[in-house]
Amino acid sequence: MEPMLRGVGVSHGVAIGPVRHMGTAVLEPPATQIPSEEAPREQARAQAAVDAVAADLIARGNLAGGEAQAVLEAQALMAQDPELMADVSRRIAVGSSAERGIYDAFAAYRALLAAAGDYLAGRVADLDDVRNRIVARLLGVPMPGVPDSDEPYVLFAHDLAPADTALLDPTLVLGFVTEEGGPTSHSAILARALGVPAVVALPGATGVAEGLVVAVDGSSGEVLVSPPVERQEELRRLAAERKAALAASSGPGRTSDGHLVPLLANIGGPADLPAAQEAEAEGVGLFRTEFLFLDDSAKAPSEEKQFEAYRKVLEAFPERRVVVRVLDAGADKPLEFLTPADEPNPALGVRGLRTLLDHPEVLAAQLRALARAAEGLPVHLEVMAPMVADRQDAKAFADACREAGLSAKFGAMVEIPSAALRARSILQEVEFLSLGTNDLAQYTFAADRQVGAVARLQDPWQPALLDLVALSAEAAQATGKSCGVCGEAAADPLLACVLTGLGVTSLSMGASSIPYVRTALAKVTLAQCRRAAAAARAADSAADARAAAHQVLTGE
Ligand code: PEP
Ligand code: MG
(Lines give C-alpha, C1' and ligand atoms only; values in the text may rest on other atoms or scores of the structure.)
(Ligands and ions follow the chains in the order given, each with its own letter.)
Protein backbone atom coordinates (compact mmCIF):
# COMPACT_ATOMS: atom_id res chain seq x y z
CA MET A 1 0.00 0.00 0.00
CA GLU A 2 1.20 3.50 -0.83
CA PRO A 3 1.76 5.80 2.16
CA MET A 4 -1.34 7.76 3.08
CA LEU A 5 -1.32 11.09 4.89
CA ARG A 6 -4.45 12.58 6.35
CA GLY A 7 -5.40 16.20 6.93
CA VAL A 8 -8.68 18.06 6.81
CA GLY A 9 -10.42 18.11 3.42
CA VAL A 10 -11.71 21.64 2.81
CA SER A 11 -12.52 21.82 -0.91
CA HIS A 12 -14.04 18.88 -2.78
CA GLY A 13 -12.62 16.98 -5.72
CA VAL A 14 -9.64 14.75 -6.51
CA ALA A 15 -6.31 16.07 -7.78
CA ILE A 16 -3.50 13.84 -9.03
CA GLY A 17 -0.14 15.28 -10.04
CA PRO A 18 3.45 16.00 -9.07
CA VAL A 19 4.26 17.90 -5.89
CA ARG A 20 5.61 21.42 -6.22
CA HIS A 21 6.52 23.40 -3.13
CA MET A 22 5.76 27.00 -2.53
CA GLY A 23 8.75 29.37 -2.93
CA THR A 24 10.38 29.48 0.48
CA ALA A 25 10.88 32.49 2.69
CA VAL A 26 13.40 35.14 1.81
CA LEU A 27 16.84 34.83 3.37
CA GLU A 28 17.73 37.14 6.22
CA PRO A 29 19.45 40.23 4.72
CA PRO A 30 22.99 40.89 6.08
CA ALA A 31 23.19 43.24 9.07
CA THR A 32 25.95 45.45 7.58
CA GLN A 33 26.13 49.10 8.69
CA ILE A 34 25.62 51.76 6.01
CA PRO A 35 27.23 55.21 6.18
CA SER A 36 24.84 57.93 7.37
CA GLU A 37 25.00 59.84 4.05
CA GLU A 38 23.38 56.82 2.36
CA ALA A 39 20.38 56.81 4.69
CA PRO A 40 18.10 59.07 2.57
CA ARG A 41 18.75 56.93 -0.52
CA GLU A 42 18.01 53.72 1.43
CA GLN A 43 14.86 55.25 2.92
CA ALA A 44 13.65 56.12 -0.58
CA ARG A 45 14.45 52.55 -1.77
CA ALA A 46 12.47 51.08 1.12
CA GLN A 47 9.49 53.35 0.44
CA ALA A 48 9.55 52.56 -3.30
CA ALA A 49 9.61 48.81 -2.61
CA VAL A 50 6.74 49.08 -0.13
CA ASP A 51 4.68 51.11 -2.60
CA ALA A 52 5.39 48.65 -5.42
CA VAL A 53 4.41 45.65 -3.29
CA ALA A 54 1.20 47.38 -2.12
CA ALA A 55 0.34 48.23 -5.75
CA ASP A 56 1.04 44.61 -6.76
CA LEU A 57 -1.26 43.28 -4.01
CA ILE A 58 -4.03 45.65 -5.10
CA ALA A 59 -3.56 44.61 -8.74
CA ARG A 60 -3.79 40.94 -7.70
CA GLY A 61 -6.94 41.79 -5.78
CA ASN A 62 -8.50 43.48 -8.81
CA LEU A 63 -7.75 40.40 -10.88
CA ALA A 64 -9.13 38.02 -8.29
CA GLY A 65 -12.25 39.99 -7.22
CA GLY A 66 -14.72 38.80 -4.55
CA GLU A 67 -13.60 37.91 -1.05
CA ALA A 68 -10.00 37.52 -2.21
CA GLN A 69 -9.87 41.17 -3.24
CA ALA A 70 -10.82 42.41 0.22
CA VAL A 71 -8.20 40.18 1.83
CA LEU A 72 -5.43 41.35 -0.53
CA GLU A 73 -6.36 44.98 -0.08
CA ALA A 74 -6.12 44.52 3.69
CA GLN A 75 -2.58 43.16 3.15
CA ALA A 76 -1.69 46.19 1.01
CA LEU A 77 -2.81 48.44 3.88
CA MET A 78 -0.65 46.41 6.25
CA ALA A 79 2.39 47.03 3.98
CA GLN A 80 1.81 50.77 4.13
CA ASP A 81 1.13 51.06 7.85
CA PRO A 82 2.57 54.51 8.75
CA GLU A 83 3.94 53.38 12.12
CA LEU A 84 5.72 50.47 10.55
CA MET A 85 7.25 52.73 7.90
CA ALA A 86 8.34 55.22 10.58
CA ASP A 87 10.15 52.37 12.35
CA VAL A 88 11.85 51.35 9.08
CA SER A 89 13.06 54.95 8.58
CA ARG A 90 14.39 55.15 12.14
CA ARG A 91 16.33 51.92 11.69
CA ILE A 92 17.83 53.11 8.40
CA ALA A 93 18.79 56.45 10.00
CA VAL A 94 20.95 54.57 12.52
CA GLY A 95 22.75 52.43 9.92
CA SER A 96 20.45 49.66 8.56
CA SER A 97 20.18 48.98 4.85
CA ALA A 98 16.67 49.26 3.35
CA GLU A 99 16.20 45.48 3.33
CA ARG A 100 17.55 45.03 6.86
CA GLY A 101 15.42 47.93 8.15
CA ILE A 102 12.29 46.32 6.67
CA TYR A 103 13.27 42.90 7.99
CA ASP A 104 13.84 44.14 11.57
CA ALA A 105 10.85 46.48 11.71
CA PHE A 106 8.52 43.71 10.52
CA ALA A 107 10.07 41.31 13.05
CA ALA A 108 9.26 43.75 15.89
CA TYR A 109 5.70 44.20 14.64
CA ARG A 110 5.34 40.45 14.16
CA ALA A 111 6.32 39.80 17.77
CA LEU A 112 3.65 42.25 18.92
CA LEU A 113 1.00 40.55 16.77
CA ALA A 114 2.00 37.04 17.80
CA ALA A 115 1.80 38.02 21.48
CA ALA A 116 -1.61 39.64 21.04
CA GLY A 117 -3.29 36.24 20.61
CA ASP A 118 -6.45 35.23 18.76
CA TYR A 119 -7.18 37.23 15.66
CA LEU A 120 -3.94 39.21 15.53
CA ALA A 121 -1.75 36.12 15.86
CA GLY A 122 -3.70 34.69 12.94
CA ARG A 123 -2.54 37.58 10.78
CA VAL A 124 1.16 36.78 11.28
CA ALA A 125 1.24 34.69 8.08
CA ASP A 126 -0.18 37.63 6.12
CA LEU A 127 2.43 39.96 7.63
CA ASP A 128 5.32 37.57 6.86
CA ASP A 129 4.12 37.34 3.30
CA VAL A 130 4.15 41.14 2.92
CA ARG A 131 7.66 41.34 4.43
CA ASN A 132 8.98 38.60 2.15
CA ARG A 133 7.62 40.34 -0.91
CA ILE A 134 9.24 43.67 0.03
CA VAL A 135 12.62 42.13 0.96
CA ALA A 136 12.68 40.02 -2.24
CA ARG A 137 12.05 43.13 -4.31
CA LEU A 138 14.87 45.01 -2.56
CA LEU A 139 17.29 42.10 -2.93
CA GLY A 140 16.33 41.62 -6.57
CA VAL A 141 15.52 37.92 -6.05
CA PRO A 142 12.38 36.16 -7.36
CA MET A 143 9.26 36.76 -5.30
CA PRO A 144 8.49 33.98 -2.87
CA GLY A 145 5.27 32.27 -3.72
CA VAL A 146 3.62 30.06 -6.29
CA PRO A 147 6.27 28.27 -8.42
CA ASP A 148 6.62 29.04 -12.12
CA SER A 149 5.61 25.95 -14.05
CA ASP A 150 4.18 25.05 -17.45
CA GLU A 151 3.03 21.64 -16.18
CA PRO A 152 0.04 21.18 -13.88
CA TYR A 153 1.03 20.37 -10.30
CA VAL A 154 -0.25 19.94 -6.74
CA LEU A 155 0.92 22.84 -4.61
CA PHE A 156 2.34 22.01 -1.17
CA ALA A 157 2.97 24.75 1.37
CA HIS A 158 3.41 25.39 5.06
CA ASP A 159 0.48 27.78 4.83
CA LEU A 160 -0.87 29.82 1.94
CA ALA A 161 -1.11 33.57 2.19
CA PRO A 162 -4.26 35.04 0.66
CA ALA A 163 -2.08 36.78 -1.95
CA ASP A 164 -1.03 33.37 -3.27
CA THR A 165 -4.35 31.57 -3.03
CA ALA A 166 -6.03 34.38 -4.88
CA LEU A 167 -3.76 34.04 -7.88
CA LEU A 168 -3.56 30.26 -8.15
CA ASP A 169 -4.24 29.39 -11.77
CA PRO A 170 -6.77 26.51 -11.71
CA THR A 171 -5.47 25.28 -15.08
CA LEU A 172 -2.01 24.73 -13.55
CA VAL A 173 -2.70 24.20 -9.86
CA LEU A 174 -4.57 20.92 -9.66
CA GLY A 175 -5.06 21.22 -5.92
CA PHE A 176 -3.25 22.22 -2.79
CA VAL A 177 -2.13 20.83 0.53
CA THR A 178 -0.99 22.85 3.55
CA GLU A 179 0.54 21.93 6.86
CA GLU A 180 -1.31 24.70 8.76
CA GLY A 181 -4.76 26.27 8.54
CA GLY A 182 -8.13 25.13 9.82
CA PRO A 183 -11.31 24.21 7.94
CA THR A 184 -12.70 27.72 8.29
CA SER A 185 -9.42 29.62 7.71
CA HIS A 186 -9.03 32.17 4.93
CA SER A 187 -7.12 29.75 2.69
CA ALA A 188 -9.89 27.15 2.98
CA ILE A 189 -12.64 29.62 2.12
CA LEU A 190 -10.62 30.96 -0.83
CA ALA A 191 -9.87 27.43 -2.11
CA ARG A 192 -13.56 26.71 -2.26
CA ALA A 193 -14.15 30.01 -4.06
CA LEU A 194 -11.52 28.90 -6.61
CA GLY A 195 -13.01 25.42 -6.92
CA VAL A 196 -9.78 23.39 -6.57
CA PRO A 197 -9.48 20.39 -4.22
CA ALA A 198 -7.64 21.29 -1.03
CA VAL A 199 -6.48 19.65 2.18
CA VAL A 200 -5.27 21.70 5.17
CA ALA A 201 -3.81 20.91 8.62
CA LEU A 202 -1.81 18.00 7.20
CA PRO A 203 1.18 17.27 9.46
CA GLY A 204 4.37 16.69 7.43
CA ALA A 205 3.10 18.34 4.24
CA THR A 206 6.28 20.34 3.76
CA GLY A 207 8.37 17.14 4.05
CA VAL A 208 6.83 15.45 0.98
CA ALA A 209 9.55 15.44 -1.73
CA GLU A 210 9.20 17.71 -4.75
CA GLY A 211 8.20 15.84 -7.91
CA LEU A 212 6.55 12.82 -6.24
CA VAL A 213 3.08 12.11 -7.60
CA VAL A 214 0.29 12.47 -5.06
CA ALA A 215 -3.46 11.93 -5.15
CA VAL A 216 -5.34 14.49 -3.06
CA ASP A 217 -8.94 13.87 -1.99
CA GLY A 218 -10.36 17.24 -0.94
CA SER A 219 -13.44 15.61 0.58
CA SER A 220 -11.89 12.95 2.83
CA GLY A 221 -8.65 14.84 3.51
CA GLU A 222 -6.57 11.85 2.31
CA VAL A 223 -3.34 12.34 0.40
CA LEU A 224 -1.81 9.23 -1.21
CA VAL A 225 1.92 9.54 -1.87
CA SER A 226 3.28 7.80 -5.01
CA PRO A 227 0.22 5.64 -5.69
CA PRO A 228 0.96 2.94 -8.33
CA VAL A 229 0.05 3.88 -11.91
CA GLU A 230 -2.97 1.51 -11.95
CA ARG A 231 -4.30 3.12 -8.77
CA GLN A 232 -3.80 6.59 -10.26
CA GLU A 233 -5.73 5.50 -13.34
CA GLU A 234 -8.54 4.11 -11.22
CA LEU A 235 -8.73 7.31 -9.15
CA ARG A 236 -8.73 9.42 -12.34
CA ARG A 237 -11.54 7.32 -13.79
CA LEU A 238 -13.60 7.60 -10.61
CA ALA A 239 -12.97 11.35 -10.45
CA ALA A 240 -13.98 11.78 -14.12
CA GLU A 241 -17.18 9.78 -13.57
CA ARG A 242 -17.97 11.83 -10.50
CA LYS A 243 -17.31 15.08 -12.38
CA ALA A 244 -19.57 14.05 -15.26
CA ALA A 245 -22.35 13.10 -12.83
CA LEU A 246 -21.93 16.41 -11.07
CA ALA A 247 -21.96 18.41 -14.29
CA ALA A 248 -25.20 16.66 -15.23
CA SER A 249 -26.78 17.51 -11.87
CA SER A 250 -29.21 20.37 -11.99
CA GLY A 251 -32.50 21.58 -10.64
CA PRO A 252 -33.59 22.31 -7.10
CA GLY A 253 -32.11 20.57 -4.09
CA ARG A 254 -34.30 17.64 -3.10
CA THR A 255 -34.15 14.18 -1.65
CA SER A 256 -34.97 11.18 -3.85
CA ASP A 257 -38.55 11.22 -2.47
CA GLY A 258 -39.03 14.88 -3.33
CA HIS A 259 -38.43 16.69 -0.02
CA LEU A 260 -37.19 20.14 -1.10
CA VAL A 261 -34.07 21.65 0.49
CA PRO A 262 -33.16 24.86 -1.36
CA LEU A 263 -29.43 25.05 -2.13
CA LEU A 264 -28.23 28.63 -1.81
CA ALA A 265 -24.88 30.34 -2.37
CA ASN A 266 -22.56 32.08 0.08
CA ILE A 267 -21.12 35.20 -1.53
CA GLY A 268 -18.82 38.06 -0.54
CA GLY A 269 -19.96 40.51 -3.22
CA PRO A 270 -21.11 40.87 -6.82
CA ALA A 271 -17.89 39.23 -8.13
CA ASP A 272 -19.09 35.87 -6.75
CA LEU A 273 -22.40 35.99 -8.63
CA PRO A 274 -21.37 34.28 -11.91
CA ALA A 275 -20.17 31.14 -10.07
CA ALA A 276 -23.38 31.08 -8.03
CA GLN A 277 -25.51 31.33 -11.16
CA GLU A 278 -23.46 28.71 -12.98
CA ALA A 279 -23.97 26.28 -10.10
CA GLU A 280 -27.72 26.99 -10.32
CA ALA A 281 -27.91 28.30 -6.79
CA GLU A 282 -31.53 28.79 -5.81
CA GLY A 283 -30.69 32.17 -4.32
CA VAL A 284 -28.19 33.59 -1.87
CA GLY A 285 -28.19 32.21 1.68
CA LEU A 286 -25.37 34.37 3.03
CA PHE A 287 -24.10 37.63 1.59
CA ARG A 288 -21.13 38.53 3.82
CA THR A 289 -21.45 42.31 3.50
CA GLU A 290 -18.38 43.02 5.64
CA PHE A 291 -16.21 42.44 2.58
CA LEU A 292 -17.54 45.77 1.27
CA PHE A 293 -16.24 47.38 4.45
CA LEU A 294 -12.78 45.81 4.50
CA ASP A 295 -11.59 47.91 1.51
CA ASP A 296 -10.96 50.83 3.79
CA SER A 297 -11.14 49.90 7.43
CA ALA A 298 -10.92 53.57 8.49
CA LYS A 299 -14.50 54.44 7.53
CA ALA A 300 -17.77 52.93 6.35
CA PRO A 301 -18.35 52.73 2.59
CA SER A 302 -20.79 55.41 1.38
CA GLU A 303 -24.46 54.52 1.23
CA GLU A 304 -24.22 54.92 -2.54
CA LYS A 305 -21.38 52.39 -2.84
CA GLN A 306 -23.33 49.95 -0.67
CA PHE A 307 -26.50 50.56 -2.69
CA GLU A 308 -24.70 49.68 -5.94
CA ALA A 309 -23.29 46.41 -4.60
CA TYR A 310 -26.60 45.35 -3.04
CA ARG A 311 -28.53 46.21 -6.16
CA LYS A 312 -26.28 44.02 -8.35
CA VAL A 313 -26.78 41.08 -6.02
CA LEU A 314 -30.54 41.54 -5.69
CA GLU A 315 -30.94 41.91 -9.47
CA ALA A 316 -29.15 38.60 -10.07
CA PHE A 317 -31.83 36.49 -8.39
CA PRO A 318 -35.31 37.59 -9.50
CA GLU A 319 -38.12 35.78 -7.64
CA ARG A 320 -35.49 34.13 -5.46
CA ARG A 321 -34.45 34.46 -1.87
CA VAL A 322 -31.43 36.65 -1.09
CA VAL A 323 -30.29 36.64 2.53
CA VAL A 324 -28.11 39.62 3.36
CA ARG A 325 -26.16 39.55 6.58
CA VAL A 326 -25.57 42.97 8.06
CA LEU A 327 -22.00 43.93 8.85
CA ASP A 328 -20.15 41.31 10.90
CA ALA A 329 -17.15 43.32 12.15
CA GLY A 330 -14.78 42.47 14.98
CA ALA A 331 -12.78 39.39 16.04
CA ASP A 332 -11.22 38.01 12.84
CA LYS A 333 -12.63 40.92 10.80
CA PRO A 334 -11.80 44.08 12.76
CA LEU A 335 -12.59 47.53 11.38
CA GLU A 336 -10.47 50.42 12.57
CA PHE A 337 -13.40 52.80 12.97
CA LEU A 338 -15.63 50.36 14.85
CA THR A 339 -13.68 47.63 16.63
CA PRO A 340 -12.15 48.42 20.03
CA ALA A 341 -8.36 48.00 19.71
CA ASP A 342 -7.72 46.83 23.26
CA GLU A 343 -9.98 43.85 23.80
CA PRO A 344 -8.24 40.95 25.57
CA ASN A 345 -10.43 38.38 23.74
CA PRO A 346 -11.82 39.94 20.54
CA ALA A 347 -13.87 36.83 19.66
CA LEU A 348 -15.70 37.27 22.98
CA GLY A 349 -15.87 41.04 22.77
CA VAL A 350 -17.79 43.64 20.84
CA ARG A 351 -18.29 41.99 17.46
CA GLY A 352 -21.12 41.28 15.00
CA LEU A 353 -24.48 42.68 16.10
CA ARG A 354 -22.92 44.04 19.30
CA THR A 355 -20.79 46.40 17.22
CA LEU A 356 -23.82 47.58 15.27
CA LEU A 357 -25.91 48.20 18.38
CA ASP A 358 -23.04 50.37 19.67
CA HIS A 359 -22.98 52.21 16.31
CA PRO A 360 -26.65 52.42 15.28
CA GLU A 361 -25.84 54.96 12.54
CA VAL A 362 -23.76 52.34 10.68
CA LEU A 363 -26.58 49.78 10.87
CA ALA A 364 -29.20 52.36 9.86
CA ALA A 365 -27.15 53.42 6.80
CA GLN A 366 -26.71 49.81 5.74
CA LEU A 367 -30.42 49.05 6.11
CA ARG A 368 -31.37 52.23 4.21
CA ALA A 369 -29.04 51.29 1.34
CA LEU A 370 -30.60 47.82 1.27
CA ALA A 371 -34.17 49.16 1.33
CA ARG A 372 -33.36 51.41 -1.65
CA ALA A 373 -31.57 48.60 -3.50
CA ALA A 374 -34.58 46.30 -3.20
CA GLU A 375 -37.07 48.92 -4.41
CA GLY A 376 -39.01 47.76 -7.47
CA LEU A 377 -37.19 44.41 -7.68
CA PRO A 378 -39.11 41.12 -7.56
CA VAL A 379 -36.58 39.61 -5.14
CA HIS A 380 -37.39 38.01 -1.76
CA LEU A 381 -35.09 40.00 0.47
CA GLU A 382 -34.19 38.59 3.89
CA VAL A 383 -31.88 40.38 6.30
CA MET A 384 -30.14 38.77 9.23
CA ALA A 385 -27.90 39.76 12.11
CA PRO A 386 -24.68 37.94 13.05
CA MET A 387 -23.90 36.96 16.65
CA VAL A 388 -27.38 37.21 18.16
CA ALA A 389 -27.11 36.05 21.79
CA ASP A 390 -30.67 36.35 23.08
CA ARG A 391 -34.18 37.71 22.52
CA GLN A 392 -33.13 41.24 23.50
CA ASP A 393 -30.53 41.23 20.68
CA ALA A 394 -33.08 39.85 18.21
CA LYS A 395 -35.63 42.53 19.17
CA ALA A 396 -33.09 45.34 18.85
CA PHE A 397 -32.22 44.15 15.36
CA ALA A 398 -35.83 43.73 14.25
CA ASP A 399 -36.65 47.23 15.62
CA ALA A 400 -33.77 48.72 13.62
CA CYS A 401 -35.02 47.00 10.45
CA ARG A 402 -38.55 48.31 11.01
CA GLU A 403 -37.29 51.82 11.70
CA ALA A 404 -35.34 51.78 8.42
CA GLY A 405 -38.61 50.99 6.61
CA LEU A 406 -37.19 47.77 5.26
CA SER A 407 -39.65 45.51 3.54
CA ALA A 408 -37.98 42.16 4.15
CA LYS A 409 -37.96 39.17 6.45
CA PHE A 410 -35.74 39.72 9.49
CA GLY A 411 -33.71 36.84 10.88
CA ALA A 412 -31.10 35.89 13.45
CA MET A 413 -27.93 33.88 12.97
CA VAL A 414 -27.40 31.12 15.48
CA GLU A 415 -23.68 31.29 16.17
CA ILE A 416 -23.66 31.37 19.96
CA PRO A 417 -24.82 28.33 21.95
CA SER A 418 -27.23 30.53 23.97
CA ALA A 419 -29.12 31.33 20.75
CA ALA A 420 -29.60 27.64 19.97
CA LEU A 421 -30.64 26.84 23.54
CA ARG A 422 -33.21 29.66 23.53
CA ALA A 423 -34.17 29.56 19.84
CA ARG A 424 -37.89 29.66 20.61
CA SER A 425 -37.52 32.86 22.55
CA ILE A 426 -35.49 34.45 19.73
CA LEU A 427 -38.13 33.37 17.22
CA GLN A 428 -40.64 35.56 19.07
CA GLU A 429 -38.84 38.49 17.47
CA VAL A 430 -37.65 37.29 14.06
CA GLU A 431 -38.98 35.27 11.15
CA PHE A 432 -36.11 32.90 10.46
CA LEU A 433 -32.91 31.40 11.83
CA SER A 434 -29.66 30.72 10.01
CA LEU A 435 -27.04 28.53 11.66
CA GLY A 436 -23.48 29.86 11.39
CA THR A 437 -21.85 26.57 12.23
CA ASN A 438 -18.30 27.97 11.98
CA ASP A 439 -18.74 30.29 14.92
CA LEU A 440 -21.23 27.97 16.64
CA ALA A 441 -18.48 25.30 16.74
CA GLN A 442 -15.90 27.87 17.86
CA TYR A 443 -18.05 28.95 20.82
CA THR A 444 -19.42 25.50 21.69
CA PHE A 445 -15.99 23.90 21.94
CA ALA A 446 -13.99 26.97 23.02
CA ALA A 447 -11.80 26.30 19.96
CA ASP A 448 -10.51 29.26 17.96
CA ARG A 449 -11.41 28.77 14.31
CA GLN A 450 -8.08 30.29 13.21
CA VAL A 451 -5.97 27.71 15.03
CA GLY A 452 -5.03 24.52 13.14
CA ALA A 453 -4.10 22.77 16.39
CA VAL A 454 -7.74 22.70 17.54
CA ALA A 455 -9.22 21.72 14.14
CA ARG A 456 -10.51 18.49 15.72
CA LEU A 457 -12.96 20.53 17.79
CA GLN A 458 -13.97 22.64 14.80
CA ASP A 459 -15.32 19.50 13.14
CA PRO A 460 -19.03 20.12 12.46
CA TRP A 461 -19.70 16.39 12.87
CA GLN A 462 -19.22 16.81 16.63
CA PRO A 463 -22.43 15.42 18.16
CA ALA A 464 -22.72 18.40 20.53
CA LEU A 465 -22.91 20.71 17.53
CA LEU A 466 -25.53 18.47 15.91
CA ASP A 467 -27.58 18.69 19.14
CA LEU A 468 -27.58 22.48 18.91
CA VAL A 469 -28.59 22.33 15.24
CA ALA A 470 -31.47 20.01 16.18
CA LEU A 471 -32.64 22.34 18.96
CA SER A 472 -32.72 25.31 16.59
CA ALA A 473 -34.47 23.40 13.78
CA GLU A 474 -37.08 21.99 16.18
CA ALA A 475 -37.83 25.46 17.55
CA ALA A 476 -38.26 26.83 14.03
CA GLN A 477 -40.50 23.97 13.03
CA ALA A 478 -42.66 24.40 16.15
CA THR A 479 -43.25 28.05 15.24
CA GLY A 480 -43.71 27.42 11.51
CA LYS A 481 -40.54 29.33 10.61
CA SER A 482 -37.46 28.41 8.61
CA CYS A 483 -34.00 27.43 9.84
CA GLY A 484 -31.14 27.23 7.32
CA VAL A 485 -27.45 26.46 7.65
CA CYS A 486 -24.94 28.87 6.10
CA GLY A 487 -21.73 27.74 7.85
CA GLU A 488 -19.21 25.46 6.17
CA ALA A 489 -21.05 22.38 7.52
CA ALA A 490 -23.58 22.77 4.71
CA ALA A 491 -20.85 22.16 2.10
CA ASP A 492 -20.15 18.59 3.27
CA PRO A 493 -22.46 16.37 1.15
CA LEU A 494 -22.90 13.65 3.77
CA LEU A 495 -23.43 16.15 6.57
CA ALA A 496 -25.90 18.06 4.36
CA CYS A 497 -28.10 14.93 4.41
CA VAL A 498 -27.79 14.74 8.21
CA LEU A 499 -28.67 18.44 8.57
CA THR A 500 -31.73 17.80 6.42
CA GLY A 501 -32.65 14.93 8.72
CA LEU A 502 -32.27 17.26 11.72
CA GLY A 503 -34.96 19.51 10.20
CA VAL A 504 -32.86 22.21 8.56
CA THR A 505 -34.86 23.87 5.78
CA SER A 506 -32.15 25.23 3.44
CA LEU A 507 -28.40 24.86 2.92
CA SER A 508 -26.09 27.66 1.85
CA MET A 509 -22.48 27.15 0.75
CA GLY A 510 -19.69 28.28 -1.56
CA ALA A 511 -20.95 27.81 -5.14
CA SER A 512 -18.42 25.09 -5.99
CA SER A 513 -19.95 22.76 -3.37
CA ILE A 514 -23.54 23.01 -4.64
CA PRO A 515 -23.33 20.19 -7.26
CA TYR A 516 -21.82 17.81 -4.67
CA VAL A 517 -24.55 18.48 -2.15
CA ARG A 518 -27.31 18.34 -4.78
CA THR A 519 -26.03 14.95 -5.98
CA ALA A 520 -25.76 13.52 -2.45
CA LEU A 521 -29.26 14.63 -1.44
CA ALA A 522 -30.81 13.23 -4.61
CA LYS A 523 -29.60 9.72 -3.66
CA VAL A 524 -31.34 9.47 -0.28
CA THR A 525 -34.86 9.69 1.16
CA LEU A 526 -35.94 12.05 3.90
CA ALA A 527 -36.51 9.04 6.17
CA GLN A 528 -32.89 7.95 5.60
CA CYS A 529 -31.71 11.47 6.41
CA ARG A 530 -33.67 11.36 9.67
CA ARG A 531 -32.24 7.97 10.58
CA ALA A 532 -28.73 9.16 9.74
CA ALA A 533 -29.26 12.24 11.93
CA ALA A 534 -30.41 10.10 14.86
CA ALA A 535 -27.45 7.74 14.41
CA ALA A 536 -24.98 10.65 14.27
CA ARG A 537 -26.42 12.25 17.41
CA ALA A 538 -26.19 8.93 19.25
CA ALA A 539 -22.42 8.80 18.63
CA ASP A 540 -19.78 10.06 21.06
CA SER A 541 -17.27 11.51 18.62
CA ALA A 542 -17.20 13.33 15.30
CA ALA A 543 -15.58 10.33 13.59
CA ASP A 544 -18.19 7.90 14.94
CA ALA A 545 -21.01 10.28 14.00
CA ARG A 546 -19.71 10.45 10.43
CA ALA A 547 -19.26 6.68 10.22
CA ALA A 548 -22.77 6.02 11.59
CA ALA A 549 -24.38 8.46 9.15
CA HIS A 550 -22.35 7.03 6.27
CA GLN A 551 -23.58 3.55 7.14
CA VAL A 552 -27.24 4.62 7.15
CA LEU A 553 -27.00 6.73 4.00
CA THR A 554 -24.92 4.44 1.80
CA GLY A 555 -25.35 1.03 3.40
CA GLU A 556 -21.52 0.68 3.40
C1 PEP B 1 -20.38 31.12 10.53
O2 PEP B 1 -19.83 31.56 11.54
O3 PEP B 1 -20.68 29.91 10.36
C4 PEP B 1 -20.70 32.02 9.40
C5 PEP B 1 -21.41 31.61 8.39
O6 PEP B 1 -20.18 33.28 9.45
P7 PEP B 1 -18.63 33.63 9.17
O8 PEP B 1 -17.94 32.39 8.66
O9 PEP B 1 -18.61 34.74 8.18
O10 PEP B 1 -18.19 34.04 10.54
MG1 MG C 1 -19.86 33.71 11.88
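A polar side-chain atom of arginine 449 sits 2.8 Å from an oxygen atom of ligand 1, a polar contact being a pair of N or O atoms within 3.5 Å. Taken alone, ligand 1 exposes 290 Å², and the protein buries 99% of that; accessible areas come from the Shrake-Rupley method with a 1.4 Å probe. This is a predicted model, in which local features need pLDDT of at least 70 and side-chain atom pairs count only at pLDDT 80 or more, while totals for chains, interfaces and linings use all residues. Residues are numbered from 1 along each chain as its sequence is written, chains are lettered from A and ligands numbered from 1 in the order in which they are written, and side-chain values use heavy atoms, with hydrogens and water left out.

Glutamate 415 brings a polar side-chain atom to 2.8 Å from an oxygen atom of ligand 1, and a polar backbone atom of glycine 436 is 3.3 Å from an oxygen atom of ligand 1.

Around ligand 1 there are 14 residues, of which Arg288, Arg325, Gly436, Asn438 and Arg449 come nearest; a residue is near if one of its heavy atoms lies within 4 Å. Helix H18 (437-445) and strand S10 (283-288) each supply at least two residues of this shell, and H18 gives the most, with three residues. Helices (H or I, at least four residues) and strands (E, at least two) are DSSP runs, numbered from the N terminus.

Turning to the overall layout, an automatic or database assignment gives domain 1 (4-23 + 145-228), domain 2 (36-139) and domain 3 (251-554).

Technical notes
Polar contact = N/O pair within 3.5 Å; in protein donor to acceptor, adjacent residues only side chain to side chain.
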